[in-house]
Amino acid sequence: MPASYQPHTVGDDDHERTMSQTVDTNLSAAEATVRHVLDDKGDDVVWIQPQDTIGKAVEVLRDKRIGALLVKDPQGALVGILSERDIVRRLADTPGQTLPQRVEELMTTKVETCTPDETIVVVLRRMNDGRFRHLPVMEEGALVGMISIGDVVNYRLTALEYEALKLKQLIVG
């Protein structure tokens, strides 16, 4: 065994740990809401207009490192959503001709939304059943954010890590 290797010992865990959540902010999955996810993630929303090209949409998706864009009309109303999946399907149907097409030709116009007060368990069930990964968040008719399955998973993983740490502290002492 190399001389640099040292096995884990009880004293290795004695240093102070930092936590991104507290007992007050850590909620069970049944109690956590979309608002909690948005509080962690932020409420930035990236959008595009229906008249823009798929080429422009692809550039925005790439540059922002996201998987879907909300589509707003010139008055700012939500009129659709465009995902990477929508684009890939059209690429298969119209190879070499997709990028000049307009967003409105590919976007999903029947947009599922949620509210900040819905629990993440309910929202995840809707996303899973509907087979979509992004969900705009509306409050009193206004767009206040968008969450993805990845955002919810990240929120839940952080909560689980915190719960495991608290259990370990209770057991060890």
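Valine 34 touches Cys114, Thr115, Pro116, Glu118, Ile120, Val123, Val137 and Ile147, leaving aside residues up to four places away in sequence; a contact here means heavy atoms within 4.5 Å. This is a predicted model, so local features need pLDDT of at least 70 and side-chain atom pairs count only at pLDDT 80 or more, while totals for chains, interfaces and linings use all residues. Numbering starts from 1 along each chain as its sequence is written, and side-chain values use heavy atoms, with hydrogens and water left out.

**Around valine 34**
- Valine 34 sits in helix α1 (residues 34–41); helices (H or I, at least four residues) and strands (E, at least two) are DSSP runs, numbered from the N terminus.
- Valine 34 counts as buried because its relative accessibility is 0%; buried means under 20% relative accessible area, exposed over 50%, and partly exposed in between (1.4 Å probe, protein chains only).
- Aspartate 151 is 117 residues from valine 34 along the chain, and their C-alpha atoms are 9.9 Å apart.

**Where α5 meets α6**
- The axes of α5 (residues 120–130) and α6 (residues 149–172) come within 11 Å and cross at roughly 145°; axes are lines fitted to C-alpha atoms, for helices over the stretch in contact, with angles from 0 to 180 degrees between N-to-C directions.
- The crossing is left-handed, meaning that the near helix is turned anticlockwise from the far one by less than a right angle.
- From α5, Ile120, Leu124 and Met127 meet Ile149, Val152, Tyr155 and Arg156 of α6.
- By class, that contact has six nonpolar, no polar and one charged residues; Ala, Val, Leu, Ile, Met, Phe, Trp, Tyr, Cys and Pro count as nonpolar, Asp, Glu, Lys and Arg as charged, and the others, Gly among them, as polar.

- Three strands make an open sheet with mixed pairing, in the order β1-β2-β3; two strands pair if DSSP finds at least two bridges between them.
- At the edges are β1 (47–48) and β3 (78–83), each pairing on one side only.
- Strand β2 (residues 68–72) runs antiparallel to β3, with five bridges joining them.
- Alanine 68 is opposite serine 83 in β3.
- Helix α2 (residues 54–64) lies across β1, β2 and β3, at about 130° to β2.

**Threonine 94**
- Threonine 94 is in the loop between α3 (84–93) and α4 (103–106).
- With 18% relative accessibility, threonine 94 counts as buried.
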